[in-house]
Amino acid sequence: MCITLSFTSKPGIGPCNGTLQVPKSMLATARAQVIAAPKIPVAFPGSTKQCISDMDLGVHEVIRRQSWPNYFASKGGTSRRPRFNPMFIDEAYEKCRTICAEYAKTFYLGTFLMTKERQKAIWAIFVWCRRTDELVDGPNADYMSSTVLESFPLDIKPFRDMIEGMRMDTRKSRYESFQELYLYFYYVARTVGIMSVPVMGIAPESSVSAPTIYNAALYLGIGNQLTNILRDVGEEGRVYLPQDDLAQFGLSDKDVFSRKVTDAWRDFMKEQIVRARFFFNLAEEGPSQLDKDSRWPVWSSLILYRNILDAIEENDYDHLTKRAYVGRTKKLLSLPLAYTRALPKPGLSLH
């Protein structure tokens with residue numbers, strides 16, 4: 001008995017349909033593994049200051065506009081079609097797919113669980129974000145300046161805000177506090193949540209408000225980005241860890257680049273992992289409120305990123321000399337648990 005993945009058809013559960021097939025025994029096991037996350041006060045771990053509010057960033061206004069019924073129709077009608085030859089569009093999406101597969105393996109695995117239409121949209125968003133990032137972080141970054149980003153003819157706020165995050169990369173490689181880092185997270189990660197929710201769709205039967213679902217997507221972006229930073233710390237000369245948190249444990253950039261795992265480093269990392277899991281727990285409120293075809297892939301993304309934190313712990317916090325790696329087998333075995341989380345569960349709380 002095994003898990004098989006469909007690379008071309010709409011995911012589903014069922015025999016002989018070329019889709020992901022999960023034996024009932026595995027689903028039963030996965031269901032038994034669902035453990036309610038502890039309730040956590042809504043206060044950022046390790047934070048003593050007020051973070052910049054979403055109201056100040058204009059997030060709620062964007063969410064309000066994207067939640068309007070017939071919003072896109074009001075922007076010019078629903079019958080608009082691209083004027084390009086469909087063959088070129090297909091080639092562009094295929095290119096986006098291959099780039100996503102090469103550079104974001106964990107993320108890409110989750111897209112297998114989406115419908116074809118959503119797959120293509122999410123691949124395109126990923127590549128747009130990556131190409132923008134490469135302007136300031138790629139092989140030609142030394143020849144770039146923040147003015148080069150002005151050439152993007154974008155008028156959608158989350159996309160513009162992400163460009164601002166790329167500008168921050170040209171100016172900063174250190175952040176004094178988590179409050180300061182939190183603002184950076186909005187620009188480079190939380191914006192992706194705002195871009196993605198309209199693609200994923202909110203279930204018509206959802207009893208949760210649209211802002212609550214968007215907030216969950218924003219929290220998932222923070223959890224994912226913080227996990228990336230913990231996994232990749234010290235790469236390319238950047239230390240995107242709160243400097244005051246490092247100092248609290250008697251650490252500095254020098255300790256990061258020395259690649260020595262000490263008890264102080266382990267204690268520091270334990271606190272950072274608690275913080276990342278805090279945001280993943282907050283994010284759990286959203287995936288099950290999405291369109292039914294989107295719940296499984298989003299739950300998969302959340303669980304797979306949590307597995308990276310587990311891998312750091314399993315390495316005894318030595319991700320300075322060896323990468324915190326989640327093997328393909330473990331990733332595949334996470335899918336039944338994600339599927340179980342995506343199913344309606346009357347009377348069962350996941351929070």
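**Exercise 1.** Between which two helices does the loop that holds Arg259 lie? Describe the backbone and the exposure of Arg259 as well.

*Solution.* The structure is a predicted model.
Step 1. Arg259 sits in the loop that runs between helix H12 (253-258) and helix H13 (263-283).
Step 2. The phi angle of Arg259 is positive, about 60°, although the residue is not a glycine.
Step 3. The relative accessible area of Arg259 is 30%. Buried means under 20% and exposed means over 50%, so a value in between is called partly exposed. Arg259 is therefore partly exposed.

**Exercise 2.** Describe the course of helix H9 and how far H9 is covered.

*Solution.* 
Step 1. Of the 23 residues in H9, 18 are buried, and the helix is thus mostly covered.
Step 2. At Tyr186, H9 bends by about 50°.
Step 3. Just after the helix, Gly201 adopts a positive phi of about 85°.

**Exercise 3.** Which residues of helix H3 are buried, and why can they be said to line one face of the helix?

*Solution.* 
Step 1. In H3 (residues 59-66), the residues Val59, Val62, Ile63 and Gln66 are buried.
Step 2. Viewed down the axis of H3, these buried residues fall within an arc of 100°, so they line one face of the helix.

**Exercise 4.** Place Asn224 in the fold and name the residues that it touches.

*Solution.* 
Step 1. Asn224 is part of helix H10 (residues 210-231).
Step 2. Asn224 counts as buried, because its relative accessibility is 14%.
Step 3. Not counting residues up to four places away in sequence, Asn224 touches Phe280, Ser301 and Tyr305.
Step 4. Leu304 is 80 residues from Asn224 along the chain, and their C-alpha atoms are separated by 9.8 Å.

**Exercise 5.** What is the mean pLDDT of the protein, and how many helices and strands does the protein have?

*Solution.* 
Step 1. The mean pLDDT is 74, with 68% of the residues reaching 70 or more.
Step 2. Over residues 1-42 the pLDDT is below 50, and this stretch has 79 contacts in the model beyond near neighbours in sequence.
Step 3. Residues 347-351 also stay under 50 in pLDDT, with 12 contacts in the model beyond four places in sequence.
Step 4. The protein has 15 helices and two strands. Of its 351 residues, 50% are buried.
Step 5. Among contacts between residues at least 6 apart in sequence, 71% join residues at least 24 apart.

Conventions: Residues are numbered from 1 along each chain as its sequence is written. This is a predicted model: local features need pLDDT of at least 70, side-chain atom pairs count only at pLDDT 80 or more; totals for chains, interfaces and linings use all residues. Side-chain values use heavy atoms; hydrogens and water are left out. The bend at a residue is the angle between axes fitted to the seven residues ending there and the seven starting there. Helices (H or I, at least four residues) and strands (E, at least two) are DSSP runs, numbered from the N terminus. Buried means under 20% relative accessible area, exposed over 50%, partly exposed in between (1.4 Å probe, protein chains only). The arc is that of the directions from the helix axis to the C-beta atoms. pLDDT is the predictor's confidence in each residue, from 0 to 100. Contact means heavy atoms within 4.5 Å.
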